[in-house]
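Here are my notes on the model, as numbered points. Have it open while you read.

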Amino acid sequence: MTAHPLRLPVLFLFAASLVWLVFAAACHALAGAELVFPQLSGDSGALTFGRLRPAAENALLYGFLSQAGMGAGLWLLARLGRRAEKIWFLAATTAFWNLAVLAGVSSIFFGQSTGVPGLEFPPSVSVLMLLSFLGFGLAILDEILRRDTPLYLSESLVAGAALCFPWLYGTANALLIWFPVSGAAQTPLVGWFQTGLLWLWLVPLALASAAYILPVAAARSFRAPAAATAALWTLFLFGGWTGGSHQAGGPVPVWIVTAGIAAALLLPIPAILFADNFLRLPTSPDTATIRLGLLGLALAVIAQALGPFCSSLLRFTDCQLAAETLNLGSLTLIFLGSLRWILPRLSLRPSPRWPVTLAVGALGLTILAYAIGGLIQGLALAQPDLPFMVSLDRARPFRAVAALGRLMFLLAVARCAWDFARTSLPTAQPAPQETRA
Amino acid sequence: MSRSIPFLASLATLFAASWLALVAAPYLQLGRLTPATDSASGATSPSLLSGPAVEGQRVYAANGCASCHTQQIRPLPAADLARRLGPRPTVARDFLREQPAFPGNLRIGPDLANAGALASDPNWFHRHLYEPSAATPGSNMPAYRFLYRLRKITGQPSPWAISGLIGPHAPPPGYEVLPTAKAKALVAYLQSLKRDYPLPEAATGPAQPITP
């Protein structure tokens, strides 16, 4: 067994992504605690909730999820295409991606945020983000355009995500940040971007990893390949239309909300088609984390479909935080599981021992606490005679539990990163059994 | 020809459909909205922001105020109107002067669509930003003391000094707390938030007092 040609660039992407994950988890833990003890920010502007939360979200979205997804995508494309040596140098250019995320997150801390959710990075940084994406995008394009055989499902998902991201991110930045349109037209655009980033970029990348790893780990192919292909197309068809589903009653045209709700109600179709294939594969302990993440994603699809029907009660409450944690936490689990599976095959070291149970328990606790607290908060806000402060008082104990969950998650991912540094980096000491081998 | 090209073209067509519907169409429908003109008085609504309020909008964005505060009042069946957050639901035209628009998605703090109606005195806003829990008991807002500076009084107190500060961070005798330019701008922006003007697409109910 020899070292994989993509070893160094993909290891770099994974190492950097784990650093961002720990950073995002630390910011989330502090922000979660500040919801209960606002005085924790002291006299520092950088540590206020309003800056910590977008810094954490952006670090998670672009630093961990996008980067881990790109690393896993490059790796599986190289494995399936067997042309790794042709694309590794393109992958290396994504190092600039990290510089962009670093500059963007620093800008948020230093009070230079644009204030647009998911697009808080200043204009110059978002240009750098798009330019650094070229390394990944060109690598994917180069690989699939040369292919004279049909693409595998996982390759198609990566290619679709790579096509959608620059379109999504470029359009949203152009119309909201670089040359902003009238404020009246911005709300539907933000909704389109946020849901597109989730369903057309991050979810396809996560599903690509799962669609490659689960069959390989089980040594079986998909039992219903036609359904898997239909799942791919319906995901890209409905995923782009869900933007208005959470904007009921908001300052957007009613037809956008209606289209969004219809798309959210149809999104279970690709979920069922994917699940039909995934569930028929024999289970393996190596892929338990990925399967848990997929289960979370299925719950996220259900939440997305049901959300509009509880909108008047639960919108603007902590249930929003529960939904965000469910969406991004499920993706985090899928990517952590993918990294854990890929790393030994890249670094030729044993699989890292990651505290998956702690991470899953932490996410579950956080989601449950925010969901129950949000429901109680929503019920209080629905009573016009109750002062607003009552809704805060009733949600506070649940926010405290959620903050504990955030802290537990930080401990879990910090342990993952430490174990990665100890066992998988090129400078790490070889394990005794490898010396014997 | 690569077998991947039809795949990519089909995918691009799917994506373009959502792009046309959810980006291009709303832009055509809402991007050309103009302020509404009152036929009797000739006044336009919403009115333009003052210079300090425009700067305050940047301070609002930079400090992530929209992470905790919404600026949208929903129609029934939501309880926003019954809670008297404002006289009518928020519509797209209300955000004409906003750059960017801050509809928000969490109410960790109260809705600010009509924050300007909370108080006419800028000092109230400064007190609240400097030490929220002292100004509004039970508030879970962090203090924005970094937008203020403590200064020793020499001669006459500054007319900008914040009055009525209480709590552990009240200035000691002989000192005063002054707002920085950013704090003044932020307060100017918050005071400008009054969406009680009539618009043809949003029926305005009888005037009601606004409560935080």
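1. Let's start with a term: buried area is the accessible area (1.4 Å probe) that two parts lose on being put together, summed over both. For chain A and chain B it comes to about 6,200 Å², with carbon and sulfur atoms giving 66% of that.

2. Some housekeeping. This is a predicted model, where local features need pLDDT of at least 70 and side-chain atom pairs count only at pLDDT 80 or more, while totals for chains, interfaces and linings use all residues. Residues are numbered from 1 along each chain as its sequence is written, chains are lettered from A and ligands numbered from 1 in the order in which they are written, and side-chain values use heavy atoms, leaving out hydrogens and water.

3. Back to the interface. Contact here means heavy atoms within 4.5 Å, and by that rule 81 residues of chain A touch 70 residues of chain B.

4. How many salt bridges (a side-chain nitrogen of Lys or Arg within 4 Å of a carboxyl oxygen of Asp or Glu) are there between chain A and chain B? The count is 1. It pairs the side chains of A:Asp43 and B:Arg145, at 2.7 Å from N to O.

5. Polar contacts are pairs of N or O atoms within 3.5 Å; within protein, one must be able to donate a hydrogen and the other to accept it, and residues adjacent in sequence count only if both atoms are side-chain atoms. Across the interface of chain A and chain B, 14 residue pairs qualify, both residues being at pLDDT 80 or more.

6. On the chain A side, helix α6 (residues 153-178) supplies the largest share of what touches chain B, 9 residues. Helices are DSSP runs of H or I with at least four residues, numbered from the N terminus. That side of chain A splits into 45 nonpolar, 27 polar and 9 charged residues; Ala, Val, Leu, Ile, Met, Phe, Trp, Tyr, Cys and Pro count as nonpolar, Asp, Glu, Lys and Arg as charged, and the others, Gly among them, as polar.

7. Now the backbone. Most residues other than glycine have a negative phi, and most peptide bonds are trans. A:Ala219, in the loop between α7 and α8 of chain A, has a positive phi of about 55°, and A:Phe316, between α12 and α13, has one near 75°. A:Ala219 is exposed at 68% relative accessibility, whereas A:Phe316 is buried at 1% (buried is under 20%, exposed over 50%, partly exposed in between, 1.4 Å probe, protein chains only).

8. Chain B has cis peptide bonds to check: B:Leu76 to B:Pro77, omega near 10°, and B:Gln99 to B:Pro100, omega about 0°. B:Pro77 lies in the loop between α2 (51-62) and α3 (122-130) of chain B, and B:Pro100 is also in the loop between α2 and α3.

Conventions. Helix = DSSP H or I, 4+ residues; strand = E, 2+ residues; numbered from the N terminus.
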